[in-house]
Protein chains: 2
Amino acid sequence: MLSLSQSVGYAVLALAHLDPEGKQLVLAAQIAEAANIPRPYLSKIIAKLQTAQIIEGKRGQNGGLRLLRPAEEISVFDIAEAIDGPSWRHKCLLGLPGCSADRPCPTHDFWGETRAAIETTLREMTLNRVRAFTEAGWRMPDA
Amino acid sequence: MLSLSQSVGYAVLALAHLDPEGKQLVLAAQIAEAANIPRPYLSKIIAKLQTAQIIEGKRGQNGGLRLLRPAEEISVFDIAEAIDGPSWRHKCLLGLPGCSADRPCPTHDFWGETRAAIETTLREMTLNRVRAFTEAGWRMPDA
DNA sequence: TTTAAAGTTGACCTTTTGGTAACCTTTGCA
DNA sequence: TGCAAAGGTTACCAAAAGGTCAACTTTAAA
């Protein structure tokens, strides 16, 4: 609890392995290997990223994946939105289903401000910045 | 995602209906009715709050529930800890299992600071302050 | 000492998320 | 032209969280 879904992390990690210019194709199998993500699960994440127009897949021999926009124009915010949907930005900190501006829970205002700050940070965190981390060998730990 | 578990909200709501001095006993059935929480589910939440020494239940006729400490000494932080366990304060924002101080994810430092701010706010948010909200009739919405 | 009021417990169901497996479709090249 | 390399898709399984049900134990009062 109190985190984005695990799949968002996987997606960020995966995208960091693509060509930042969106020119060269990279194999899904290579990403799975490099990031230590189970291939079938990676496929599902890739599907969502394609729906969100963040990447494109090319089938067949000499196929692969590529970014549809340059890495500096793709943020972790975009990725979270693609994987978890827009709903994560509206959830009450205490999980109260009826919490809203009209009937705020005690943490409503604080959480609204905090969430805005989180959102800003995630928007500023582009794939380029993430790459600095993953190039140092960041990958999923073995089970 | 990006919230405490729903049960934390239920617990906060429930506790706000107890006598703030911890003197008078209040019926679990009354709380369920007032807050619109399913009784059997409330029972499970109550069990955790008892394990955490936040409340005490007295069985039998003329039984009920009462706070073990005055309402101004019980914070939402304590309640979150009792319900979700201490783990929520250590989860990576991106949900990455291998993220730690040694091998930080790109959001690690930012999230550490933000989480500390959230923690502080929740520690300052005592049951007394919550009562101001619930006394205005806050309850769970109907299904 | 019985009984009804109260909280307690364990089994079970459902939904969501994470994860696996098998199979299908496309495409370049021998 | 057919086969192997690639991604895509569907169905399924498992664990955790949310939620329900029914039966149990404790206890004070009649």
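The exercises below, each with a worked solution, concern a predicted model.

**Exercise 1.** Find which residues come nearest to DNA strand D, which elements give two or more residues to the surface near it, and how the residues of that surface divide by class.

*Solution.* 
Step 1. There are 26 residues around DNA strand D, and the nearest of them are A:G57, B:S5, B:P38, B:P40 and B:G60.
Step 2. Two or more residues each come from helix 2 (28–35), helix 3 (39–51) and strand 2 (64–67) of chain A, and from helix 1 (6–15) and helix 3 (39–51) of chain B.
Step 3. With five residues, helix 3 of chain A gives the most to this surface.
Step 4. The residues of the surface near DNA strand D comprise ten nonpolar, 14 polar and two charged.

**Exercise 2.** Work through the surface near DNA strand C: state which residues come nearest, which helix gives the most, and how the residues divide by class.

*Solution.* 
Step 1. Around DNA strand C there are 27 residues, of which A:Q6, A:P38, A:G60, B:A28 and B:G57 come nearest.
Step 2. Helix 3 of chain B gives the most to the surface near DNA strand C, namely five residues.
Step 3. By class, the surface near DNA strand C has eleven nonpolar, 14 polar and two charged residues.

**Exercise 3.** State how many residues each chain brings to the contact, then describe the side of chain A that touches chain B.

*Solution.* 
Step 1. Chain A brings 34 residues to the contact and chain B brings 35 residues.
Step 2. On the side of chain A that touches chain B, at least two residues come from each of helix 1, helix 5 (108–124) and helix 6 (127–134).
Step 3. This side of chain A has 21 nonpolar, nine polar and four charged residues.

**Exercise 4.** Decide why helix 1 and helix 4 of chain A are called oblique to each other, and list the residues that meet.

*Solution.* 
Step 1. The axes of helix 1 and helix 4 (residues 76–84) of chain A come within 9 Å and cross at roughly 130 degrees.
Step 2. Angles over 145 count as roughly antiparallel and 65 to 115 as roughly perpendicular. Helix 1 and helix 4 of chain A are therefore oblique to each other.
Step 3. Their crossing is right-handed.
Step 4. From helix 1 of chain A, A:S7, A:V8, A:A11, A:V12 and A:L15 meet A:V76, A:I79, A:A80, A:I83 and A:D84 of helix 4.
Step 5. The contact of these two helices has eight nonpolar, one polar and one charged residues.

Terms used: Residues numbered from 1 in each chain as written. Chains lettered and ligands numbered in written order. Predicted model: local features only at pLDDT ≥ 70, side-chain atom pairs only at ≥ 80, totals over all residues. Near = placed C-beta within 6 Å. Helix = DSSP H or I, 4+ residues; strand = E, 2+ residues; numbered from the N terminus. Nonpolar A, V, L, I, M, F, W, Y, C, P; charged D, E, K, R; others polar. Contact = placed C-beta atoms within 7 Å. Axes fitted to C-alpha atoms, helices over the stretch in contact; angles between N-to-C directions. Parallel < 35°, antiparallel > 145°, perpendicular 65-115°, else oblique. Left-handed = near helix turned anticlockwise from the far one by under 90°.
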